[in-house]
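The sequence and the coordinates are shown first.

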Amino acid sequence: MKQVVYTASPESHQIHVWQMNEAGGLTLLQVVDAPGQIQPLVVSPDKRFLYGGVRPDFRVVAWQIDSEGKLKEAGQAPLPGSPTHISTDRQGRFIFVGSYNDACVSVSPVGDDGLPAAPLQVVKGLEGCHSANIDLANQTLFVPALKQDRITLFTLGSDGHLTPTGQGEVKTAPGAGPRHMVFHPNQKVAYSVNELDSTVDVWGLEQGEVSHIQSLSMMPDDFSDTCWAADIHITPDGRLLYACDRTASIITAFTVSDDGKTLTRQGFCPTETQPRGFNIDRSGQFVIVAGQKSHHITVYKISGEKGELQALGRYAVGQGPMWVLVS
């Protein structure tokens, strides 16, 4: 399986492009200078383009991806605020950008040429908007508003416009601060990581409603410092889920029940300093973690039924790496 890893380092305005081999080793293919502080990244569903959000001139930048995975800038489009998170719908027709500082989520259309245009819609009033996550059915967009302890729910129209669902939103625990989300492959369960109390919430997605099922701490029992969770990912088979905390500099492993509705915390792996972003490869064998303060990434092998992580290799990247993407 050919896989390419992209890491974004905003302090040095760089994207590093890595070839991953079947054993989890990385070979550097390219270092790309971005037109600003490059932050969130996403690859189009057809794998033809990489889209990234940059600041302080708020824009989405499109890079064309060649057969090796290398990048060539192809176009840019304006954004209404500083890009915190970027994603696409499942068909690659629209780009969603959440802006924490500007309290909004925007929808940018993508042309047949793969290039983004100016936003067709901006939804405001989402304080601490930290991500935009389309469900696997490509129907409902989940948008966490961290400062409001809520996840807003929108129906995605065929023209790209967002309208609130009948339910409208779900609430987290007060002070939890919902941040990033992932979906179980069975399409019946979602998971959100909460930044301010370092918990993971489990949400049921059946009968057209979102319901709360479980909350579970991702921290060691003796942890007494400030919680500061960041990212969350699930293996392609839905068997293991991982989340990271930046204060403790750990990755926490959870096993997932067969129906996806129950998490069991299994253990903690010390990792790169201040792990703001990480990801899981498409085979479900490796975890790649970026240390925002260590300026390195580490690749881990997933082992055993409990998802233990074994370090395989460590690589220097740009300054302040905060996003890891696997294509």
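## Overall fold

Of the 327 residues in the protein chain, 59% are buried (under 20% relative accessible area; exposed means over 50% and partly exposed in between, with a 1.4 Å probe and protein chains only). The model is a predicted one, in which local features need pLDDT of at least 70, side-chain atom pairs count only at pLDDT 80 or more, and totals for chains, interfaces and linings use all residues. Residues are numbered from 1 along each chain as its sequence is written, and side-chain values use heavy atoms, with hydrogens and water left out.

The protein chain holds 28 strands and zero helices (DSSP runs numbered from the N terminus: E of at least two residues for strands, H or I of at least four for helices). The C-alpha trace spans about 50 × 50 × 35 Å along its principal axes. Among contacts (heavy atoms within 4.5 Å) between residues at least 6 apart in sequence, 47% join residues at least 24 apart.

## Surface

The protein chain exposes about 12600 Å², of which carbon and sulfur atoms supply 47%; accessible areas come from the Shrake-Rupley method with a 1.4 Å probe, and for residues only the protein chains shown count as cover.

In soluble globular proteins, nonpolar side chains tend to be buried together.

Leaving aside neighbours within four places in sequence, Ile15 is in contact with residues including Tyr6, Ile38, Leu41, Leu50, Trp63 and Leu71.

Met20 belongs to strand 2 and counts as buried because its relative accessibility is 2%. Beyond its neighbours within four places in sequence, Met20 is in contact with Gln3, Val5, Gly25, Leu26, Asp281, Phe286, Ile288 and Val299.

Val210 is in the loop between strand 18 (199–204) and strand 19 (211–217) and is buried, with a relative accessible area of 12%. With neighbours within four places again set aside, its contacts are Phe142, Leu153, Gln167, Val170, Trp203, Gly204 and Leu205. The C-alpha atoms of Val210 and Asn21 are separated by 39 Å, and these residues are 189 apart along the chain.

## Backbone features

Arg55 and Pro56 are joined by a cis peptide bond, with omega about 10°. Pro56 lies in the loop between strand 5 and strand 6.

Ala103, although not a glycine, has a positive phi of about 55°. This residue is in the loop between strand 9 (94–99) and strand 10 (104–109) and is buried at 16% relative accessible area. His295 also has a positive phi, near 60°, and is located in the loop between strand 25 (286–291) and strand 26 (296–303). His295 is partly exposed, its relative accessible area being 22%.
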